[in-house]
Amino acid sequence: MKILILGGAGLMGAGTVRDLLSELSGGVERVVVADGFVDRLEALAARIDDPRLYTAGLDLDDASGLSLLLHEADVCINAVATFAGYQMDIFEACLAARVPYVDYGGMGVFTVRQKAEHERWLKAGVTAVLGLGADPGMSNIICRAVADRLETIEAINLYWAAAAVGPESPVLVPPYAASTVLSEFANPSQQFLNGRLTEVPPQSGQEVLDLPPPWGRATFMHTQHSEPLTVPFAKGIAEKGIREMTWKLHLPEAEHAAWVGLVKAGFGDFGEPVRLRDGREVKPIDVLQAVIDRNMAKNADRIPAQESHELHMAVGRGTVGGRPVEARCRVMSHPHRLYEGYLDAGTSMCMSIGVQQLMSGKLRPGVWAPEEYFDPAAFFAELRRRHFEVEQELAVIDEA
């Protein structure tokens, strides 16, 4: 298997490279990491000493250079930041080259556009799977696991929570791309309510859940995500009468407040240029990202050691044998030596698992969401090998 990772020298892509080339993986003949940041490519090659790893400098505006790399690949992973402006270009380039395509997610906006091209990909005999990280990705698959245990479905509610155990950091360290976090906090989102997609305001739908330690009592909110745009329409879920499917996020209190403050300051319009007093125009996200990067580098010694914990949970309500039941599926990660050096082990590893399972079976042409493509049991087996906890429950709801 020859894998091309575009933008693969970034933190998420580099983590996927690491897992693909680890002893946990198999069938990987070559991984080519293409990126416009040569210094990052050099750093990646220095960190991962493996003869199967190749690097290539690539300007994504160079269509011919991209085409050449694609024609040497069995599958392409799009690890370029969603809002960098290349999501659809890379998607179309893979179709033209007839190379299977996967990405970490399109924030719903691009997901809908990509899904609309299903028939073109089906006719061309090419496969694409969208949002193959942790959220989206694993999150879609746990929704499928819940749905499969219900005979009829009233609702599936999806939650993601982060917890950081240790001294509070005086330095803001984004949990993932700053543009993605800002989108989640600043943009309205589409949730599947009362049997149809409904736009809801940013930071709405607040809900408090009591979770096991270390999360404790956590406040969740709706954010922009792709799962509600695909899960309720998937075969085997839609036919069961689902009326509600929502996604909600929880970040630690201090981080939550920081991102709310940045949105209040106007950074939610991160892609719209602002004019400086000297007449130059800059994008707020470019300035913000540069400041965050500088601050993290300048104050690296002030960033305390923290234990990172994540919870991914799908809660489904419906019936089995005519009785009302609740089905739950939880995937949890706690500190483990295997995750050291990863910014987000879940996202990186889930992409690696998904690509290997995709390419080890018979490819299904078309454009798919993860809940339409993967077998939950097989996916969960690989998660457990990587020290994720997977729990599933089915309980009768007391109607008294």
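Student: Which residue in β12 stands opposite His-222?

Tutor: That's Lys-248. Keep in mind that we're looking at a predicted model.

Student: Noted. How many bridges join β11 to β12, and which way do the strands run?

Tutor: There are two bridges, and the strands run antiparallel. For orientation, β12 covers residues 244–250, while β11 covers residues 217–222.

Student: What about β10 and β11, how many bridges there?

Tutor: Four bridges, again with the strands antiparallel. β10 is residues 207–210.

Student: Let me ask about another proline. Is the bond from Asp-135 to Pro-136 cis or trans?

Tutor: Cis, with omega near 0 degrees. Pro-136 lies in the loop between β6, residues 127–129, and α7, residues 138–148.

Student: Since α7 came up, is Asn-140 buried or exposed?

Tutor: Asn-140 is found in helix α7. Its relative accessibility is 1%, so it counts as buried, the cut-off being under 20%.

Student: So what is Asn-140 in contact with, leaving aside neighbours within four places in sequence?

Tutor: The contacts are Gly-131, Glu-227, Thr-230, Val-231, Pro-370 and Glu-371.

Student: Switching to rings. How many aromatic pairs does a search of the whole structure find?

Tutor: Nine aromatic pairs. Take Phe-374 and Phe-379: their ring centres are 5.9 Å apart and their planes are at 65 degrees, so this pair is edge-to-face.

Student: Why edge-to-face and not tilted?

Tutor: Because edge-to-face needs planes over 60 degrees apart, and the rings of Phe-374 and Phe-379 are at 65 degrees.

Student: Are Phe-374 and Phe-379 buried or exposed?

Tutor: Both Phe-374 and Phe-379 are buried.

Student: Which residues do ring pairs link into a cluster with them?

Tutor: Trp-368 and Tyr-373 join Phe-374 and Phe-379 in that cluster.

Student: Which ring faces does Arg-364 lie over?

Tutor: Trp-368, at 4.2 Å from the ring centre, and Tyr-373, at 4.8 Å from the ring centre.

Student: Where is Arg-98 found, then?

Tutor: In the loop between α4, residues 87–97, and β5, residues 101–103. Arg-98 is exposed, with a relative accessible area of 54%.

Student: What about the phi of Gln-203?

Tutor: Gln-203 isn't a glycine either, yet has a positive phi of about 60 degrees. Gln-203 lies in the loop between β9, residues 196–200, and β10.

Student: Why does Gln-203 count as partly exposed?

Tutor: Because its relative accessible area is 23%, which falls between the 20% and 50% cut-offs.

Note on methods: Residues are numbered from 1 along each chain as its sequence is written. This is a predicted model: local features need pLDDT of at least 70, side-chain atom pairs count only at pLDDT 80 or more; totals for chains, interfaces and linings use all residues. Side-chain values use heavy atoms; hydrogens and water are left out. Two strands pair if DSSP finds at least two bridges between them. Rings of Phe, Tyr and Trp (its six-membered ring) pair if their centres lie within 6.5 Å; planes under 30 degrees apart count as stacked, over 60 as edge-to-face and the rest as tilted. Buried means under 20% relative accessible area, exposed over 50%, partly exposed in between (1.4 Å probe, protein chains only). A charge sits over a ring if NZ of Lys or CZ of Arg is within 6 Å of the ring centre and within 35 degrees of the ring normal. Contact means heavy atoms within 4.5 Å.
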